[in-house]
Amino acid sequence: EKLRIQPNPFNERTTVFYTLERGGRTQLIANSADGRDLRVLHEATLEQGNYQYEWNTADLVPGMYYVTLLRDGQPVVKKAVKVGR
């Protein structure tokens, strides 16, 4: 699986691009740097292919976050940095 966040660093919003090599139960999860689960951004059973998720981070404080793509329990993690204006 591939996972890319663009732009990164970002200000208010960013796009998470991901590719599934195989279909399956898929979750996109955002965590804060201290590891607390923030939210499940997207959850679905998806076919293989390319996807993107528009992430509005207006309610998050600037700092470092992790975005995890879970497909059937297999994690791919990328760092995401929110900057102030």
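The backbone oxygen of glycine 24 lies 3.0 Å from a polar atom in the side chain of threonine 26, a polar contact in the sense of a pair of N or O atoms within 3.5 Å, where, within protein, one atom must be able to donate a hydrogen and the other to accept it, and where residues adjacent in sequence count only if both atoms are side-chain atoms. This is a predicted model, in which local features need pLDDT of at least 70 and side-chain atom pairs count only at pLDDT 80 or more, while totals for chains, interfaces and linings use all residues. Residues are numbered from 1 along each chain as its sequence is written, and side-chain values use heavy atoms, with hydrogens and water left out.

Threonine 26 belongs to strand β3, residues 24–32; strands (E, at least two residues) and helices (H or I, at least four) are DSSP runs numbered from the N terminus. With a relative accessible area of 1%, threonine 26 is buried, a word used for values under 20%, as against exposed for over 50% and partly exposed in between, with a 1.4 Å probe and protein chains only. Neighbours within four places in sequence set aside, threonine 26 is in contact with residues including Tyr18, Leu20, His42, Leu69 and Arg71, contact being heavy atoms within 4.5 Å.

Threonine 57, found in the loop between β5 (49–56) and β6, is buried at a relative accessible area of 0%. When its neighbours within four places in sequence are left aside, its contacts are Phe10, Asn11, Glu12, Arg13 and Lys82.

Aspartate 72, in the loop between β6 (63–71) and β7 (74–82), has phi near 50 degrees, which is a positive value in a residue other than glycine. Its relative accessibility of 47% makes aspartate 72 partly exposed.
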